[in-house]
Amino acid sequence: MMRHLQYGTPAKIFHWCIVALLAVQYPIGWLMPDLHRGMTPGAGMTFHVSIGITILVLTALRLVWRLTHPVAPESSLPAWQRLSSEVVHWLLYALVLATTISGWLFASFRGWTLSFFYLVPLPMLASDNAAAGRTIDGLHQAMEWALLVTIVVHIAAALAHIFFYRDRVMQRMLPG
């Protein structure tokens, strides 16, 4: 399979759409009021879950694209940077998928009937189960923080390539 030197337009679109959605998703999740047993989720939760499902679908598509359209590591990078870049990228995929799926599972364990932006009902991934809901909620929160830390590392590395190394690594994912 041929490995490209640059990320293609679809990869860039997936990447930047996911970035934009995560930039919206985190504040919604943090600012949303706590929902306790017996409470009906409102618009905040509907939008949070809907954006999460959108992120899940886009990440799955991005992952399929990456597997079928691999990009060669930047040849000018030292081996440790190529390896750490690969590890961080795969960790981002894993954490985004795990965070979004655990959020959907949490809503299912709570017994919430939710829809995708009030348009299409979302299937329940599990039945109402308070104990499992508490466990998955803890996992969801831990994964959201792990994802946020990994995103910060990813952004810090991108900025280091722009301002410290002054190489063209970041340009591989920029539009154009």
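Modeller: Arg-166 is found in the segment after H4. The model is a predicted one. Arg-166 has a positive phi of about 55° although it is not a glycine.

Biologist: Why is Arg-166 called exposed?

Modeller: Its relative accessible area is 67%. Exposed means over 50%, so Arg-166 is exposed.

Biologist: Which other residue has a positive phi although it is not a glycine?

Modeller: Phe-117, with a phi of about 50°. Phe-117 sits in the loop between strand E1 (115-116) and strand E2 (120-121).

Biologist: What makes Phe-117 partly exposed?

Modeller: The relative accessible area of Phe-117 is 29%. Buried would need under 20% and exposed over 50%, so Phe-117 is partly exposed.

Biologist: How do you know that Phe-163 counts as exposed?

Modeller: Phe-163 belongs to helix H4. Its relative accessibility is 57%, and the cut-off for exposed is over 50%, so Phe-163 counts as exposed. Phe-163 also forms a nonpolar surface patch with Ile-155, Leu-159 and Ile-162, and together they have about 370 Å² of accessible area.

Biologist: Where is Arg-172, and why is it called buried?

Modeller: Arg-172 lies in the segment after helix H4 (130-163). Its relative accessible area is 7%. Buried means under 20%, so Arg-172 is buried. Not counting residues up to four places away in sequence, Arg-172 touches several residues, among them Leu-5, Tyr-7, Val-71 and Glu-74.

Biologist: What makes Arg-172 and Glu-74 a salt bridge?

Modeller: The closest N and O atoms of Arg-172 and Glu-74 are 3.8 Å apart. The rule asks for a side-chain nitrogen of Lys or Arg within 4 Å of a carboxyl oxygen of Asp or Glu, so Arg-172 and Glu-74 form a salt bridge. Arg-172 is in the segment after H4 and Glu-74 in the loop between H2 and H3, so the pair ties together parts that are 98 residues apart in sequence.

Biologist: How many salt bridges does the rule give?

Modeller: The count comes to two. Arg-66 forms a salt bridge with Glu-86, with the closest N and O atoms 3.0 Å apart. This pair links distant parts of the chain, since Arg-66 is in helix H2 (residues 43-68) and Glu-86 in helix H3 (residues 79-109), 20 residues apart.

Biologist: Are Arg-66 and Glu-86 buried, partly exposed or exposed?

Modeller: Arg-66 has a relative accessible area of 11%. That value is judged against the limit of under 20%, so Arg-66 is buried. Glu-86, at 27% relative accessibility, counts as partly exposed.

Biologist: How many positive and negative side chains does the protein have?

Modeller: There are 11 positive and 7 negative side chains, and the centres of the two sets lie 9 Å apart.

Biologist: What share of the residues is buried?

Modeller: Buried residues make up 38% of the 176 residues. The protein exposes about 10,200 Å², and carbon and sulfur atoms supply 73% of that area.

Definitions and conventions. Residues are numbered from 1 along each chain as its sequence is written. This is a predicted model: local features need pLDDT of at least 70, side-chain atom pairs count only at pLDDT 80 or more; totals for chains, interfaces and linings use all residues. Side-chain values use heavy atoms; hydrogens and water are left out. Helices (H or I, at least four residues) and strands (E, at least two) are DSSP runs, numbered from the N terminus. Buried means under 20% relative accessible area, exposed over 50%, partly exposed in between (1.4 Å probe, protein chains only). Contact means heavy atoms within 4.5 Å. Patches are made of residues with over 30% relative accessible area and no salt bridge: like charges are joined within 9 Å, nonpolar side chains (Val, Leu, Ile, Met, Phe, Trp, Tyr) within 5 Å. Accessible areas come from the Shrake-Rupley method with a 1.4 Å probe; for residues, only the protein chains shown count as cover. Lys and Arg count as positive and Asp and Glu as negative; His and the chain ends are not counted. The place of a charge is taken as NZ of Lys, CZ of Arg, CG of Asp or CD of Glu.
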